[in-house]
Amino acid sequence: MGIVEAILLTVITAATPLVLAALGELVTERAGVLNLGVEGMMIMGAVLAFAATHATGSPYLGILAGIGGGALFSLLFGFLTLTLVANQVATGLALTILGLGISGQIGEAYVGMSGTKLPQIAIPLLSDIPFVGPLLFRQDLIFYLSIALVIGVNWFLFKSRTGLKIRAIGDNHASAHALGIGVIRIRYLAVMFGGACAGLAGAQLSLVYTPQWVENMSAGRGWIALALVVFASWRPWRVLAGGYLFGAVSISQLHAQALGLGIPSQFLSALPYAATVVVLVLISHNRRTTLINTPASLGKPFVPDR
Amino acid sequence: MRIELERRPRASALYAILSPFIALVLTVIAGGIMFWLLGKDPVSALYSFFVEPLLDVWSLHEIAIKAAPLILIGVGLSVCYRSNNWNIGAEGQFIMGAIAGAIVPVVFHEWHSPLVLPLMLVFGMIGGALYAAIPAFLKANMNTNEILSSLMLVYIAQLFLDWMVRGPWRSPEAYNFPVTRDFAPEAILPEILTSGRTNLGFVFAIVAAVLVWFMMRYTLKGFEISVLGQSERAGRFAGFSSRRMIWFSLLLSGALAGLAGIAEVSGNINKLQPVISPGYGFTAIIVAFLGRLNPLGIIAAGLFLALTYVGGEAVQLTLSVSDKVTRVFQGLLLFFVLSCDTLILYKIRLVFPGRAVPAAQQGAE
């Protein structure tokens, strides 16, 4: 395997959790709900996936635990913001703080343990293609899922009836409600989808990226995923592209450190965060296009009038 | 069973006062359940978490020391949140304030003068304010979401501090430990009581809270903050500029976080090291909400959250549970605070299926 292949493989591994978490948040935000708790749901997914894998020996059950844990945890956010119409920004922060706390508590027992890496699945024939095969068709289940989800979500949002409803709710929840669409119910589902995706992203961290449990191992990826949604102007394909761009940035710092360019490692580690700010500025400085792309009801509370 | 909200004709004054206390009670109950799940006796665990630290002069001082940064930061954040500017990067502003303030005792360590300490405090405030100026500029001029930019800057500040204490500022006398040189005595915030370690930082916190409370309640600026927070449009009609408010609220909260940072480093740690905060900048968000964004409430809330830090350390020793318990407590508390705040604006009704619903309501379903 050549050096280019090796680098690209690490980019894919770094990008997959970003793509997954951002994709979930995209659906949530398309329904008009701003869930800032991605980081918390992700870290819960990571710890639960690791714990379940450790208990059962099967990383696939670990993945299920990550997805389920993320979705259940997001329900807490849903209950507060949708049923009790609490402030979405503050509740999202609460979800992150709580997730970091609970995951640290659960994970205490697993610190320093070696984990189980999710096995690769080679797709017959395709995996034998030179260069492309090992990169794209000799990957783990979560990678395949991430690609399938991008395609699926894109179709679902723009081609299916429920997708239309989601977008309608996100753009104007009062009108959608007047048309008889169950705003709250669909928003609950969208929030849970976001939680499930973030949980899956977390599972990728503790089963693929670094198959072990480290406290705070999400290291701000949930927040970067939130920025990615803005970057992608709420479109699934652009989430994929943006995720790989950010994956490349975060990996480039590792390779730069390995090369030993004499730049302090802290500066290189800061690169993904700085890049996120720069990209956010570039994408949002045009007030008008931002306004057009942002779901109009995003973050606004909704109480059905009776 | 379904939960329905009915908007109150006006905000309930009763629940505005009661809701933080209901949240506290719920948190304590949830905490008891958590200790029980961990296999500890909930009553004695809660006792050593919440009560024991209050019975000891030493731990009371610890509470005051930890409450000072929480109150300082929380008061600044309350101005931000009231004006709808979501600065969640106070942790970064805290760190940058500490670094800027430490320029005096670290770089000019041979300069001995009574001016050292005041200069450090001013530098600390400037450092924090400048760091908060980045998200302020990006929001006011580049339309960039301040939540994400301020948070990203936290990670950058942490890494910057790490580099400073391992690189340029590492003490030549510290045997390769990543710390700066110890601050000279005149660079250390004096203690205010003879009975323990509480330092001047606590006084700063109380003064800042009272000043901001006065500003919010009795000045035009305070009115401007609330109006712009509740309705930017209404604020514009009154001639208030939301862009100037972005700058004002972020610079103020940045300066207070910076002051908290240098006060913590100067009064409590006495040098810089890779980690100088157990997440004060984030916990202060909880403090701000528990205090209902009211500076006087924030004093009480800051003291309570400081108690959770000290109580967390106590149960770590006595019951050998991990210090993560503190974080869980704090997260739960914010959740309960936010849910109880619903009671202020809404009546909550449980609707059971099968019960007769008035026709008018059925029609709207």
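The bend at a residue is the angle between axes fitted to the seven residues ending there and the seven starting there. This is a predicted model, in which local features need pLDDT of at least 70 and side-chain atom pairs count only at pLDDT 80 or more, while totals for chains, interfaces and linings use all residues. Residues are numbered from 1 along each chain as its sequence is written, and chains are lettered from A and ligands numbered from 1 in the order in which they are written.

**Helix α1 of chain B**
- α1(B) bends by about 35° at S19(B), and a proline, P20(B), follows within four residues. Helices are DSSP runs (H or I, at least four residues), numbered from the N terminus.
- Its buried residues (20 or more other C-beta atoms within 10 Å of their own, placed from the backbone) include S19(B), P20(B) and A23(B).
- These buried residues of α1(B) pack against α2, α11 and α13 of chain B.
- After α1(B) comes G39(B), with a positive phi near 80°.

**Helix α2 of chain B**
- A45(B), L46(B), F49(B) and F50(B) are the buried residues of α2(B).
- Seen down the helix axis, they fall within an arc of 105° (taken from the directions from the axis to the C-beta atoms), so they line one face of α2(B).
- V43(B) and V51(B), on the other side of α2(B), are exposed (12 or fewer such atoms).

**Contact between chains**
- 42 residues of chain A are in contact with 41 residues of chain B (C-beta atoms, placed from the backbone, within 7 Å).
- α4(A) gives the most to the side of chain A that touches chain B, with 12 residues.

Definitions and conventions
Two residues are in contact if their C-beta atoms, placed from the backbone, lie within 7 Å. Helices (H or I, at least four residues) and strands (E, at least two) are DSSP runs, numbered from the N terminus.
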